[in-house]
Amino acid sequence: MTPDNYFSANYAEARQKFLEAVESAGVPVWKFPHPLKGPNGEDLATDIAWLGAKNAKRIVVAGSATHGVEGFCGSGCQTGFLTEGWANRLNPDTALVLVHANTPHGFAHERRVNEDNIDLNRNFIDFSDGPPDNPGYAELHPILVPESWDGAPRAEADAALENFKQTKGLREFQQITSRGQYTYPDGLFYGGTGPSWSRRTIEGFAGEHMSGAARIAVVDFHTGLGPRGYGEVIGRGGVGDPQYERTRAWYGDDVKSAALGNSASVRLNGTIDFGYRRACPDAEQTAITLEFGTLPLEEVHEAIRADNWLYAKGGGAASPHFKAIKQQTRAAFYGEESQWKTDIWSRGQEIIEQALTGINND
Ligand SMILES: [Zn+2]
């Protein structure tokens, strides 16, 4: 197998490669079947492989497909770690836990969101506190989600969107949209009204198997932000925050953080690391989002908007726009060419190596 072959053309192939690599590596795996099916009737699951000591005090968790269609990237790296013998490279008392397909439904259907239009990386808030508000979103919702993808409704929505970006700025536009919203179930970056299947699965597993750890590093693989093929490390917190300082010590000075305003992402509530924190409250946590670039930000955002429209208003597979929007979405979150995959695999290894070194030092 060459690095190219770690990556797959669809979810079913990705899952098969992952499970075959698990078997070859001879490591334990937990399979959590999802209640729904893929577009071709295929089974869906979150599969979790455990490399290294079962009761390790130091755990690096590498997750894929928190945003479904982004899973091609992380899945390829996970299969690579299994195939290239990373299970035998770990220090005693250290584990590398590979969570394959946090959002299997979105991965299989090649959507960023889950089966309920939930953005899983906005779903890990404490719902008992009431959802965070996002007053700016209400104004944007009707132009982000037009009634029709053709004709006057689309043209009017596009013009209003352009006007918003011109007058308020692209940064403001991105802040409002991608911060997450909890009031429009058919809108973009919707966080849900309670814990999703994926969240319950992840928190359940982590609570049962990882809560004895002293240190946990979360590396969540994403795509769609930053320069094409490059993996940008986005940390948590800012200067003086111990987690942020650890992140810089482990991954280098070019670590970005939304709290510092130097990241392509925005400061978020409800990211997946909050789930591990909730499930393992006694562990020191060092979490990053690893973002691999694909296309320019506005093109990625337009793809998210198109995919949302397709299912919210367009009737999904029945729409004449189905094929084009599926292609647009895939191109926004996956690099099909060999060079992109090689770059991802190389950077993916570097980051996990840094995480393993960091968690064994200090
Ligand atoms: Zn993502």
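Student: With 21 C-beta neighbours inside 10 Å, does Glu-110 count as buried or exposed?

Tutor: This is a predicted model, and burial in it is read by counting C-beta atoms around a residue, with 20 or more within 10 Å as the cut-off for buried. Glu-110 has 21 such neighbours, so it counts as buried. The residue lies in the loop between helix H4 (104-108) and helix H5 (135-144), and its phi is positive, about 55 degrees, although Glu-110 is not a glycine.

Student: Which class does Asp-93 fall into, with 15 C-beta neighbours inside 10 Å?

Tutor: Because its count is 15, Asp-93 is classed as partly exposed. Asp-93, which is not a glycine, also has a positive phi, of about 70 degrees, and it is found in the loop between H3 and S4.

Student: What is the sense of pairing between S1 and S2, and how many bridges join them?

Tutor: S1 and strand S2 (residues 43-52) are antiparallel, with six bridges between them; within this pair, Phe-32 stands opposite Thr-46 in S2.

Student: Which residues stand opposite Leu-98 in S4?

Tutor: Ala-49 stands opposite Leu-98, and Ala-62 stands opposite Leu-98 as well. As a general idea to keep in mind when following such positions, side chains in a regular strand alternate between the two faces of the sheet.

Student: Why is strand S4 described as largely enclosed by the rest of the structure?

Tutor: Strand S4 (residues 94-100) has seven residues, and six of them are buried, so the strand is largely enclosed by the rest of the structure. S4 also belongs to a right-handed β-α-β unit, which is made by S3, helix H3 (residues 71-83) and S4.

Student: How do I read the span of helix H13 (residues 338-360)?

Tutor: One compares the distance between the end C-alpha atoms with the span expected at 1.5 Å a residue; for H13, which has 23 residues, the reach is 33 Å, close to the 33 Å expected. The buried residues of H13 include Lys-341, Trp-345, Gly-348 and Ile-352.

Student: Where does Gly-275 lie, and with which residues is it in contact beyond its neighbours within four places in sequence?

Tutor: Gly-275 lies in helix H10 (residues 273-279), and because it has 26 C-beta neighbours inside 10 Å, it counts as buried. Once its neighbours within four places in sequence are left aside, Gly-275 is in contact with Phe-124, Arg-199, Ile-202, Glu-203 and Ala-206.

Student: Which domains does the domain assignment give for the chain?

Tutor: The assignment gives domain 1 (3-128 + 193-289 + 337-360) and domain 2 (135-178 + 299-328). Their contact takes six residues from domain 1 and eight residues from domain 2, and the side of domain 1 that touches domain 2 has one nonpolar, two polar and three charged residues. The C-alpha centres of domain 1 and domain 2 lie 28 Å apart.

Notes. Residues numbered from 1 in each chain as written. Predicted model: local features only at pLDDT ≥ 70, side-chain atom pairs only at ≥ 80, totals over all residues. Pairing = 2+ DSSP bridges. Helix = DSSP H or I, 4+ residues; strand = E, 2+ residues; numbered from the N terminus. Expected span 1.5 Å × (residues − 1). Buried ≥ 20, exposed ≤ 12 C-beta atoms within 10 Å, placed from the backbone. Domains from an automatic or database assignment. Contact = placed C-beta atoms within 7 Å. Nonpolar A, V, L, I, M, F, W, Y, C, P; charged D, E, K, R; others polar. Right-handed = clockwise from strand over helix to strand, strands pointing away.
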